[in-house]
Amino acid sequence: MRNYTLKQYLLLLVAIIIMMVFLFPIYWMITTSVKPMSDIFSSPPMIIPETIQFDAYYKNLIQDQSLLPYIRNSFIVAAGTAFLTLLLALPCAYALARFRLMWGNIFLLILLVTQMIPGIMMAMPLYILFSKIDLVNSYLALIVGNTTNALPFAIVIMRPFFLSIPKGLEEAAVIDGCNIFTAFFRIILPLTKPIILTVSTFSFLFAWGDLIFALTLATDEKVRPLTMGITKFIGQYGTQWDQLMAVSTIAAAPIIIVFLLFQKHIVSGITAGSDK
Amino acid sequence: MYGQMRNKFPQYLFLIPAALFVAMFMIYPIVYNVIVSFQDLTLMNLKSGAKFIGWDNYINILQTERFGIALKNTIIYTSACIFFQVVIGYLMAAFLNQEFPFRNFFRSIMLLAWMTPLVITGSLFKWLFDVDYGVFNYLLTTLQIVDEPINWLGQQSTALTAVIITNVWIGIPFNMILILAAMQSLPKDVYEAAKVDGANKFQTFLNVTLPLLRPQLMIILVLGIIYTFKVFDIILIMTGGGPVNATQVLPFYGYELAFVNFNFGESGVIATVILFILICIALLYLWMIKKEEAQ
C-alpha cells in the first residue's frame, strides 16, 4: 500500500464531491422510487428519504406482474444479440488481423462508415425487409437489428486484440498438424476470454438499452422489451413519479450490476474502440 | 490470380458470415434508403410495389417548414452538446489525471451516466426538470437565479436547452474517458521541460498539452459529432419533438415520416440527407488528417 500525501487526500475529497453532484440524478431516481407519495412532492425536495418503503416495487413486480414478460424479452434479445455478435465478430476480426486479404481494409472502412448511420435510419429499411419475409414481431428481428448496432464496434475492438497474440502460436500448431480452422478453435479461441467478456458485455448492454428497434420492429406486446415497457408506463403513470422511478430502477438494475462486475472491461472497451 | 484466390479461400471463410450480415442488414438498408427516396412508397403499396417519382419527395420535404427547423435544431443540438461535453470532459479528465487514492474507481463509476439506457435517463430528467416539484427548479429558485419556476419542457424557448443539458450529462463521462486515455499516453518529459522553462499551468496547457492532444481530440470530436447526431431516444421520451417543433431534429423527423405517417419515400429523403451530411463530415475529417500529415 502506497502512502498518500495530505494533498492527495484533499483531491480524493474533491473527487467524492464531484461524483456526488454528477451522479445525483441516479441517486434521485432510486430514492424517489422508495419514498411515499407525500414525500416525493414535498417542498423543499427531501434529499435524504425519511421513510423508506418498497410499495412501488411490490406493486410492479408482485401485485401486477405485467412488467415480468418485458424483462424476459429484454434478456432474450440482449443475450441473443451478444451471442450473434460474437459468432460473427470473432472469426471476422481474427481474419482481419491475421490474413492479408484483398478486401480486408475495405471491409474495415465499410464497418466504420455504417456505424455512423443513425439506428433509426436503419429501422425503416429493416422494417420493410422484415415485413416482406414475415419476420416483424419476432425475437430474431430484434436480435438482427441490435446486432447491426453492436457488430462494427465488436470487430473494431477485437482486431487489435488478435494482433497482440504472437503469430508463432498458430505456426507451431500448423507444424503439429493443425489447419487454420483447428488452429483457430483450439489455440486462439481459448485465449480470447477477456475480449469475449468485453464484447459480450457491450453488446448485451447496447441491446438492453435499445429503444429504436424495440419501437419499430416489435409492434406486438409479446416480444416487446423493457424499454418499450417503460414508454408504456410513462403514458400510463403520467406523473406518478414513484412508480415510474421504480420501473426505471428495475430496468437499470442489470446495467448497474453488470457494470460493477465488469467495469474494467467496459473502460478498456471504450478506449480501444476509439483507437481504430 | 485464380490459384491465389483458391489458396486464400479458407481464409475468406472466416470473413464471409460477417460480410454477408453486413451486406444484407447494413449496406442494403443504406442503399435502400436512397432508392426509396425517389419512390412514392407508403404502407398502401408496400406489397404491390411503388413507382419512381423523381425528385418529388425531395421537393416536398425541402418545402416544409419542419425540415428547416429540424436541420437547424440538429445543428444547434449537436454543436452545443459537443462543446460542453468536450470542455467539461476535458476538465474532469485533467482532474482525474492526478494521482490520488481510488482514482480508477471514480473514473469508471462516472460511466454509469453513459451506460444507463436512454429511455431511463429521459424519464429521469423529465422528473428533474418538472415544473412544480423538479429538483432543478428548486435549486434555481432557492439560489434566486430565477424568480418563477421554469416550465423547461413545456415551452418552446427552453425545451431544446433542457434536452441539450440531458445529453451533455450523458456524454461527459464518455468524453472524459477518451480524453483521459489520450492524456495518459502523452510523454512525461515534455512537462518536466516546460516546468524547467518556467511555464505556468495555463501556458503548459496552451503550448504543450493542446498541440500534443490535437490528433486524438480530433478523433474524439468526430466520434462525438456522429454519436450526437443520432439523437432520438431522449427526444421521443422527453418532448416528442415539441412543443411546436421546438425540439424537432432530423432523425426524429425521419422516424415520424416513416412510422407515424407511413410515408416511406419521404422518410428516405431524410435518411439520404443525413447520410450526405455524415459523409461530408467524414471527408472533412480525412482531409484534415491529410493536411496534418503533410505538414
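The model is predicted, so local features need pLDDT of at least 70 and side-chain atom pairs count only at pLDDT 80 or more, while totals for chains, interfaces and linings use all residues. Residues are numbered from 1 along each chain as its sequence is written, chains are lettered from A and ligands numbered from 1 in the order in which they are written, and side-chain values use heavy atoms, with hydrogens and water left out.

I begin with the core. A nonpolar core is a set of buried Ala, Val, Leu, Ile, Met, Phe, Trp, Tyr and Cys residues joined through side-chain atoms within 4.5 Å. Buried means under 20% relative accessible area, exposed means over 50%, and partly exposed lies in between, using a 1.4 Å probe and protein chains only. The largest such core here has 195 residues, and those with the most contacts inside it include A:Phe107 and A:Phe130. This core lies between domain 1 (6-53) and domain 2 (66-273) of chain A, because both give residues to it; the domain bounds come from an automatic or database domain assignment.

Which residues does A:Phe107 touch, leaving aside its neighbours within four places in sequence? In chain A they are Cys92, Leu96 and Ile155, and in chain B they are Leu15, Ala18, Ala19 and Val22. Contact here means heavy atoms within 4.5 Å.

I turn next to the annotation. An unreviewed UniProt entry lists residues 71-262 of chain A as "domain: ABC transmembrane type-1"; such annotations may be inferred rather than shown by experiment. That span is 80% helix and 0% strand, with its end C-alpha atoms 21 Å apart. Helices (H or I, at least four residues) and strands (E, at least two) are DSSP runs, numbered from the N terminus.

Finally, the salt bridges. Each requires a side-chain nitrogen of Lys or Arg within 4 Å of a carboxyl oxygen of Asp or Glu. How many does the structure hold over all chains? There are 3.

In one, A:Arg224 pairs with A:Glu221 at 3.8 Å. A:Arg224 is buried at 13% relative accessibility, whereas A:Glu221 is partly exposed at 40%.

In another, B:Glu256 meets B:Arg66 at 3.3 Å, N to O. B:Glu256 belongs to helix α12 (residues 250-259) and B:Arg66 to helix α3 (residues 65-96) of chain B, so the pair ties together parts 190 residues apart in sequence. B:Glu256 is buried at 15%, and B:Arg66 is partly exposed at 29%.
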